Amino acid sequence: MAALAATTGVCASLLTGCGMLPGDARADEGAVTVMTWAPEGTGATNMPGMPAMAQAYARWVNATGGVGGRTLRVITCNDHNSSVGAARCADRARTEEAVAVVGSYSQHGRTFMTALESAGIPYLGGYGVTDEEFTSPLSYPVNGGQATLLAGSGHQLAGHCERVSLVRPDTVSGDQLPRLLNAGLATAGDRGPAADIRAPEDASAYTEHARRALAGVGLTEDGTGGGVRTAGGVEDGRDGGQAGGAGEACVTAVLGGRTDTFFDSFRRLREGGPEVRIASVLGSVQQSLVDRTGGPDSQWEGAYATGWYPVSSDSRWAPMRSVIREHAFGDNRIDAADPGVQTTWIAYTVLRAALEHIEGAVTARTVRRALETMPPVDTGDLTPRLSWRYDDMLAVRDHPRLVNAKVTFQQVREGTLAPARKGFVDVRDTLETVPGGG
């Protein structure tokens, strides 16, 4: 009897009964089911545009005949920024027999990746905010995640900033960010480490953290300090040069949806005081934030930003914008400038290529096989061509699943995020210098 109970438990864990291994969940004859999840309506970072973009993509594909004659069925889930919510979303992907989780965001990688691995479900094009997305053999990242953004930000700031303060979440994932930024500062400009300012993700004001950030670059509220030269103008952008010189004091914040809250506190603290160049990474700052805070008159004018993709005004985003216009008209959850939305678009572009590569049954297993054997995917030059074949892995320590270590340098000019340097910047070499654990 005990043996029978144990066998029953094993069968249940294999999702669909004895005789079927994890990853064998099969698309029916008329539809391919996938899932997209993200937090919505929480007190911290929210990404409602990602599931909304997934649904719009499915409407577009299905309106034009589906993929290989099959309907694309997208189910969505809110992980509520909690490990319990992430586990529930992963469990729903299993029970709905999703063949992949695509273009999603969750900070709880340890929870959801373990569940997806046990079910054999690939995780394609996650936002890149957790370690597990770059270590799990079932993860297929389309960007370099927070690691490339922070290392790239270090590259960008090294050419302009004598001293830097980094304001980041007081979380396990946030603990990695200083090492990454500092690696970029050191390799690109031989700069010393940034001041590390821990902050809560859900605060309503950050006055004390703003004060500590100023102190971190050697300044006080009245502008006195350690002789750090302050910002004196906006980059002309023609050759990556800067008007303010390499001696600026710079404060960068990477707090997701609370980044603007921090810089609002920072602005009020330094009114009439020192000029300090501000910076962030895409996701923590984007065009919609600049627009609603005053455009060219906002404190973001002149700010540096590091992203994964071309600026949102680039013509390479035209196909995505067309789909949003035609299949998500009036859905205010979708902002074409949101890197979460952009990541979802790219992830579904890759999914479509994988599904078209499959001959025969579409299952989680055959989707994984396609991702690992098909030719590199052209994303319309929004990224380098993407491939997860063995020879394409960059083998960066702590990020063995990394296949794209390129970023873009941007700056707010006349109220618009514009390229600060032409093309992509490869930070693979910098990531290889990051101390273990980062």
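This is a predicted model: local features need pLDDT of at least 70, side-chain atom pairs count only at pLDDT 80 or more; totals for chains, interfaces and linings use all residues.
Q: How many disulfides does a search of the whole structure find, and what makes Cys77 and Cys89 one of them?
A: The search finds two disulfides. The sulfur atoms of Cys77 and Cys89 are 2.1 Å apart, and because a pair of cysteine sulfur atoms within 2.5 Å is called a disulfide, this pair is given that name. Cys77 belongs to strand β2 (residues 71-78) and Cys89 to helix α3 (residues 83-95), so the link ties together parts that are 12 residues apart in sequence. Both Cys77 and Cys89 are buried, and the angle about their S-S bond is -85°, a left-handed link.

Q: What makes the link of Cys161 to Cys250 a disulfide?
A: From S to S the distance is 2.0 Å, and the cut-off for a disulfide is 2.5 Å, so the pair Cys161 and Cys250 qualifies. This link is left-handed, with -80° about the S-S bond. It connects distant parts of the chain, with Cys161 in strand β6 and Cys250 in strand β8 (residues 248-253), 89 residues apart.

Q: Why are Cys161 and Cys250 called buried?
A: Cys161 has a relative accessibility of 1% and Cys250 one of 0%; since buried means under 20%, Cys161 counts as buried, and Cys250 does too.

Q: Why is His160 called buried, and where is it found?
A: The relative accessibility of His160 is 5%, and because the limit for a buried residue is under 20%, His160 counts as buried. His160 is found in the loop between α5 (145-158) and β6 (161-169).

Q: What makes the pairing of the side chains of His160 and Tyr304 a polar contact?
A: The two side chains come to 3.5 Å, and because a polar contact is a pair of N or O atoms within 3.5 Å, one able to donate a hydrogen and the other to accept it, the pairing of His160 with Tyr304 is given that name. A polar atom of the His160 side chain also lies 3.4 Å from the backbone oxygen of Gln156.

Q: How do you know that Leu382 is buried, and which residues is it in contact with?
A: Leu382 has 1% relative accessibility and therefore counts as buried, the limit being under 20%. Leu382 is placed in the loop between α12 (364-373) and β11 (406-413). Leaving aside neighbours within four places in sequence, its contacts include Trp308, Tyr309, Pro310, Trp345 and Phe424. Phe424 is 42 residues from Leu382 along the chain, and their C-alpha atoms are separated by 9.9 Å.

Technical notes:
Residues are numbered from 1 along each chain as its sequence is written. Side-chain values use heavy atoms; hydrogens and water are left out. Helices (H or I, at least four residues) and strands (E, at least two) are DSSP runs, numbered from the N terminus. Buried means under 20% relative accessible area, exposed over 50%, partly exposed in between (1.4 Å probe, protein chains only). Contact means heavy atoms within 4.5 Å.
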